[in-house]
Each structure stands twice: as structure tokens, then as C-alpha cells.
Amino acid sequence: MSKKILVGLSEWGYWGEELVGPYDVLAARGYQMDFMTAKGRKPPALPPSMEVGYLDPPLDKVVTDEHYATRTREIHQSDLLNNPINLSAWFPQMPYFNSPNFGHALEAYYNKRAECWKDLEKYDALLLPGGSGPMVDMVNNERLHDVILGFLSLGKLIAVECYCVTCLAFARDWTDRKSIIWGKHVTGHAREYDYKDSTGFAQMYDFNGKPMNKSANFGPPFYPLEYILRDAVGPDGQYHGGVGHTLSTILDYPFLTGRSTQDSRLVGELMIEVLENGLRRYGW
């Protein structure tokens, strides 16, 4: 029976290889994939991830080869991502604490969320590719947090790459607010590999949600992911940076985390190992 994966992408730009790597592995295995974005708009690939020979400043090495640049352009220019699921129209949003009829609104929110969690039963796993864009519309997106909590409640695989790993640190039950990766082993973008400048986005939107048809350079990343993850896993968990190592991919079920672009294909391969062969631990 074919497996089905829900893939969340940023409307502000995803890194091509972080989608292509697992996508090509899973598609070749016959897996079906549904795509989802915050507002239902087509997600763009970040330009450097389509640029052959792009040199990553912190790593001082080329991170975009001809294969992944070509595959990223093919997907970017195709209709594959034209009609993603609109997360804002699917999952409810928790009401403001001081909003009118908060008690009734909160009850309605929980009831609607429970219905949405039932929708997730048709999926075998969640995949969240990274890049700079997720920092804008994914990592602190409460609806996406609820998607993650839904997969967690169902005991299903949650695979996350690069800066998107922040979603795991921020997705928390509203009542106890405890990190869902407390006591777990994870990886994510190491401090040594963070940009000091040129954190860019493939698309920007105005306050009315209209595309501005321009990109932007926000300098360094909005936050050092390593510090967030070290705090979120607590004293009994561990952050694995893998600095100096080509790959840093960690599976501590149900969480599968990949540090950056080079881990992407392995993330897809490990997803198959988890879903077909019951793998529960890798990389630590």
C-alpha cells in the first residue's frame, strides 16, 4: 500500500535540495505527497538553491551542485506546487485570551482542531523542508504547531530539516507549555554555520497579503537555532551539531531531524526505513 506524506513549505522561500532530496527518494518509492502552505499560495524556491556553484559563506564550499539546481528549477517551474493546501483555511486559530466569549470560542477551537486531527489520520508522516523562508511563516505559526501536535498525538513520524526544526521547539500544548522535544535527541543548524549576512527570502508580501515581487536581505538569521534547541531538549536530551561532519541527521522517534542541505536525501531514505522497517533510532 502506498504511503502518504504531508509536506509543509514556506511561501517566503524553501531551500531546493531540502525538498528535492526527500521528495525524489519518496516519489521513486511510490509515496504520495500533499503539499501545504500557510495561506495556500505557491511556495517559491530560494534563488541560491537554483544557482549552480553557489558558495555557502560559513561553510566556504559549494552547496548547490548541478543536479539539485536543475531539479529545483524543474519543480519551481512546474505545476507540482501550484495548489497547496491552505493551512489557514484548514486548521482553526486559538482565540485571543481577552476576546469576547473566550470560553465558548476556546471550546469551538478545540472541537475544530480535533476534527482536523482526524483528517491527519490519512497521512503516514509529516515533512517540513527548511531554508530561510520558514522563519517567517512556519516556525511560529500556531496552526502549523497544531499540525505537529496532531501527528505527535497519532504517534506518527515528523521529519524536519534545517531552520524548520525550530517548529519542534515552539510547538507546545497550550496548557503545560512543555517542549515536545524535551529529553529527545535532535539536530539543526549549528551556530558555526549561521550566516552573518545575506539571509534572504524568495518572495515578500505586504500587510494585505499581496506579493511585492521582490526579495530582501535580512542580514543574519532571526535567531541562533542551536541555542533554542539546546534549551528545548533539556538536561536529559541532546542537541547534535555535528560541526565538521558532512552529515548530521538524527532520528529519535517520532522526530527525524536533518541539520542542513546535505542531509536531505538521507532524511528521505530514513523516512522509508521508519515507515517500512520500523527504524526508531539513528545517528546517536
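Strand β1 (residues 4-8) and strand β6 (residues 125-128) run parallel and are joined by three bridges; strands are DSSP runs of E with at least two residues, helices are runs of H or I with at least four, and both are numbered from the N terminus. The model is a predicted one, in which local features need pLDDT of at least 70 and side-chain atom pairs count only at pLDDT 80 or more, while totals for chains, interfaces and linings use all residues. Residues are numbered from 1 along each chain as its sequence is written, and side-chain values use heavy atoms, with hydrogens and water left out.

**The sheet**
- Eight strands form an open sheet in the order β5-β2-β1-β6-β7-β13-β12-β14, with mixed pairing, where two strands pair if DSSP finds at least two bridges between them.
- Its edge strands are β5 (85-86) and β14, each of which pairs on one side only.

**Strand β12 and its partners**
- β12 and β13 form a hairpin with two residues between them, and they pair in the antiparallel sense over four bridges, with Thr249 opposite Gly258 of β13.
- β12 also pairs with β14 in the antiparallel sense, over two bridges, and Leu251 has Tyr282 as its bridge partner in β14.
- In a regular strand the side chains alternate between the two faces of the sheet.

**Helix packing**
- Helix α9 (residues 264-277) lies across β1, β6, β7, β12 (249-252), β13 (255-258) and β14, and runs at about 175° to β7; axes are lines fitted to C-alpha atoms, for helices over the stretch in contact, and angles run from 0 to 180 degrees between N-to-C directions.
- The axes of α1 and α9 come within 7 Å and cross at roughly 35°.
- Residues making this contact (heavy atoms within 4.5 Å) include Gly21 and Val25 of α1 and Gly268 and Ile272 of α9.

**Arg281**
- Arg281 lies in strand β14 (residues 281-282) and counts as partly exposed because its relative accessibility is 48%.
- The side chain of Arg281 reaches the backbone oxygen of Trp284 at 3.0 Å.

Note on methods. Buried < 20%, exposed > 50% of the residue type's maximum accessible area, 1.4 Å probe, protein only. Polar contact = N/O pair within 3.5 Å; in protein donor to acceptor, adjacent residues only side chain to side chain.
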